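My entries follow in the order in which I checked them.

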Amino acid sequence: MNKLVIVGTVAFDAIETPFGKTDKILGGAATYIGLSASNFDINGAIVSVVGGDFPEEYITMLKEKGLDVSGLEIVPEGKTFFWSGKYHNDMNTRDTLATELNVLADFNPIVPEDYKDAEVVMLGNLHPIVQMGVINQMKNPKLVVLDTMNFWMDCALPELMEVIKKVDVITINDEEARQLSGEYSLVNASKKIMSMGPKYVVIKKGEHGALLFHGEDMFYAPALPLAEVFDPTGAGDTFAGGFTGFLAKTEDYSFENMKNAIIYGSALASFCVEKFGTERILDVSKEEIHNRLHQFKSLTQFDIKIT
Ligand code: AMP
């Protein structure tokens, strides 16, 4: 069974959307990535840190999902990373109200010994120095995927650029791609980002789907149009978990197979937004995922006769 190393925040989130408001609930990039990737028959390990305030029941739940948490450090006297955000009425844009790094501020990641030979590494959103620390511990990964956000571009750009040089794939949202590249056109932005290191660029456009770029090749997958979106938090990470989970399972890292990985990622992300936090992604069944993949197929398939 192939192995997937997942690094990212394991967090408390407080979320406000036009549909409601939550107190501190389970969140974090690595949480969403791990839960999403757990839908594939792979060994996934989370490398992250939490404080003594992190409930034991959440750790048990991650284990029950088949995730290895031996790389999840607990700092008993520290506080867990906290993020709070408020979505605008369009649900596509949000304001970050608080980002408290807490135990993440001086986290030294340790990849479990038996995961150092993993083929796939998913560097979820967190400090680029931590992401680099994970890359440096890996023996010979076949695919390193990086996700990041404007927060790190604003406060740790030089360190982030060093990580970008070393990865195969970067997943990033459209506004962040523009910020990183200084280009408005996403085609030009992807070219500029590829010149920084990655051979593949995935640009996430929320409810407008995702684009994959590789050299001169391009692929587009829509997001499933949904009647109700309750909370988009974690959709990008759930996408990343589906993308890397599928690639780790199939062990095929070609552009052609990445197209399928994007569809898997998009299908899983479409569940994530249906309820608050991790609630929906925690209870999604294999059958529901399969049905949604069929929906994606019929959404995008057509049989035009080009004469
Ligand atoms: P997404 O909606 O996919 O961007 O992911 C939201 C998740 O990212 C939330 O669960 C947050 O805990 C986490 N998050 C928010 N800001 C940061 C940050 N600066 N670094 C790492 N993770 C973050």
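**Helix crossing**

The axes of H9 (residues 255-272) and H11 (residues 286-300) come within 10 Å and cross at roughly 115°, with axes fitted to C-alpha atoms over the stretch in contact and angles running from 0 to 180 degrees between N-to-C directions. Helices here are DSSP runs of H or I with at least four residues, strands are E runs of at least two, and both are numbered from the N terminus. For the contact (heavy atoms within 4.5 Å), I noted Ile-263, Tyr-264 and Phe-271 among the residues of H9, and Ile-289, Leu-293 and Phe-296 among those of H11.

**Basis of the values**

I note that this is a predicted model, in which local features need pLDDT of at least 70 and side-chain atom pairs count only at pLDDT 80 or more, while totals for chains, interfaces and linings use all residues. Residues are numbered from 1 along each chain as its sequence is written, and side-chain values use heavy atoms, with hydrogens and water left out.

**Ligand surroundings**

I then listed the shell around the ligand (a heavy atom within 4 Å), which has 20 residues, the closest being Asp-13, Gly-28, Arg-94, Gly-234 and Asp-237. Helix H8 gives the largest share of this shell, three residues.

For polar contacts (N or O pairs within 3.5 Å), I recorded a polar side-chain atom of Asp-13 at 2.4 Å from a ligand oxygen atom, and a backbone N or O atom of Gly-236 at 3.2 Å from an oxygen atom of the ligand. The side chain of Thr-9 has an N or O atom 3.0 Å from a ligand nitrogen atom.

Technical notes
Polar contact = N/O pair within 3.5 Å; in protein donor to acceptor, adjacent residues only side chain to side chain.
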